[in-house]
Amino acid sequence: MRVLAAMSGGVDSAVAAALAVDAGHDVTGVHLALSPDRQTLRSGARGCCSVEDAHDARRVADELGIPFYVWDLADRFREDVVEDFVAEYAAGRTPNPCLRCNERIKFTAVLDRARALGFDAVVTGHHARLADGRLRRSVDAAKDQSYVLGVLTAEQLAGARFPLGSMTKERVRAIAAERGFAVATKPDSHDVCFIPDGDTRGFLTRRLGTAPGPVVDAATGTTVGSHEGTHGFTVGQRRGLGLAVGDQRPRYVLSIEPVTRTVTVGTAELTGVDVVRTGPPTWTGPAPALPLRAEVQLRAHGTPVGCTVEAAPDGGLVLTLARTERGVAPGQSAVLYAPDPVHGDLVLGQAPVAR
């Protein structure tokens with residue numbers, strides 16, 4: 001096939017490109033420039049898409065003997081990922097920007113352009129598998145990225161290739177070292193790539209300003225603190241609340257109301273939910289018949305829990321959980337997996353958590 005290898009400058013995408021070359025494909029490398037000021041987006045293991053990353057990707061492409069280009073998608077990334085991130089927090093929700101980047105940048109903007117240029121597929125370094133056209137978990141559970149790919153449609157998955165899904169991260173680094181790639185020991189990126197200092201609250205405050213409001217205790221209805229903006233909080237949060245509560249029991253964020261600027265907190269037993277309601281789902285294959293039994297993962301690094309999936313009148317889903325889950329935040333993705341031992345790594349689809 002004629003394939004486009006998305007090369008971030010990290011070890012995963014480097015090895016994915018190398019494996020595509022080894023498989024005999026006609027490979028072209030491309031690095032995505034996602035920031036108008038790329039000098040600011042790398043700080044050790046934080047951030048990505050810096051000039052340093054572009055140079056690392058180009059060196060690997062040179063060693064593989066493949067053509068290499070840089071595509072400037074900064075405006076698209078700003079509109080579809082960064083502005084979406086800010087708007088979601090302003091609305092009291094907790095978005096996952098990696099999921100949004102996969103959905104709107106890597107497997108919409110990039111895949112559409114690749115197909116227009118005559119490429120058959122896009123190769124990435126994601127740790128996930130494709131089998132019979134269906135998305136499945138990586139064999140390396142610690143590095144599995146199927147959660148942030150669960151938003152992809154069957155059509156998008158048909159144009160994707162994930163060569164690393166059948167190996168561990170240790171093996172990926174070993175392959176890079178065997179080939180002499182300088183990125184073999186490069187740290188993985190962490191946190192939100194466009195907030196390299198890791199200060200999400202500071203980033204949002206610079207974008208949204210301050211909007212003071214009360215922090216209210218759910219049990220008593222009394223005001224137990226104040227804040228400078230609801231965008232600084234997420235459901236389930238415990239740290240950084242700065243509260244003075246008489247009983248000294250830890251408090252967690254239960255709900256966020258941007259209109260009234262109210263953050264409601266409560267004790268641990270009030271954080272649990274047994275039923276999760278979502279917005280409309282997207283499916284990685286044919287839409288399954290509902291109701292069905294499945295497993296659901298409610299956050300990027302969460303533990304799957306069994307559930308019954310039913311259709312809601314508004315087009316969303318109602319997930320009745322087999323056990324109580326804490327800190328389920330609106331705006332996150334509820335990714336559904338097949339429930340049985342044989343197919344338990346199969347991703348069925350996802351839906352955004354509404355409440």
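A crossing of two helices is called left-handed if the near helix is turned anticlockwise from the far one by less than a right angle, and right-handed if it is turned clockwise. The model described here is predicted, so that local features need pLDDT of at least 70 and side-chain atom pairs count only at pLDDT 80 or more, while totals for chains, interfaces and linings use all residues. Residues are numbered from 1 along each chain as its sequence is written, and side-chain values use heavy atoms, with hydrogens and water left out.

The axes of helix H1 (residues 11-22) and helix H7 (residues 169-178) come within 9 Å and cross at roughly 70 degrees, which makes H1 roughly perpendicular to H7 (65 to 115 degrees; under 35 counts as roughly parallel, over 145 as roughly antiparallel and the rest as oblique). Helices are DSSP runs of H or I with at least four residues, and strands are runs of E with at least two, numbered from the N terminus; axes are lines fitted to C-alpha atoms, for helices over the stretch in contact, with angles from 0 to 180 degrees between N-to-C directions. The crossing of H1 and H7 is left-handed. On the H1 side, Val 11, Asp 12 and Val 15 meet Lys 169, Val 172, Arg 173, Ile 175 and Ala 176 of H7, contact meaning heavy atoms within 4.5 Å. By class, the contact of H1 with H7 has five nonpolar, no polar and three charged residues (Ala, Val, Leu, Ile, Met, Phe, Trp, Tyr, Cys and Pro count as nonpolar, Asp, Glu, Lys and Arg as charged, and the others, Gly among them, as polar).

## Helix H3 and its two partners

The axes of H3 and helix H4 (residues 97-116) come within 9 Å and cross at roughly 160 degrees, so H3 is roughly antiparallel to H4. This crossing of H3 and H4 is right-handed. Among the residues of H3 that meet H4 are Arg 76, Phe 77 and Asp 80, and the H4 residues include Arg 100, Cys 101 and Arg 104. The contact of H3 with H4 has seven nonpolar, one polar and five charged residues.

Helix H8 (residues 200-208) packs on H3 at an angle of about 90 degrees, with the axes 11 Å apart, and H3 and H8 are therefore roughly perpendicular to each other. The contact includes Val 82, Phe 85 and Tyr 89 of H3, with Phe 203, Leu 204 and Arg 207 among the residues of H8. The residues of the contact of H3 with H8 divide into eight nonpolar, one polar and two charged.

Leu 73, in the loop between strand E5 (68-72) and helix H3 (74-90), is buried with a relative accessible area of 7% (buried means under 20%, exposed over 50%, and partly exposed in between, with a 1.4 Å probe and protein chains only). Leaving aside neighbours within four places in sequence, Leu 73 is in contact with Leu 32, Ala 33, Leu 34, Ile 105, Val 110 and Arg 113.

Asp 56, which lies in helix H2 (residues 51-64), counts as buried at 10% relative accessibility, and the side chain of Asp 56 makes a polar contact with the side chain of Lys 186 at 2.7 Å. Such a contact is a pair of N or O atoms within 3.5 Å; within protein, one must be able to donate a hydrogen and the other to accept it, and residues adjacent in sequence count only if both atoms are side-chain atoms. Arg 137, in strand E8 (residues 134-137), is buried at 16% relative accessible area, and its side chain makes a polar contact with that of Gln 297 (2.8 Å).
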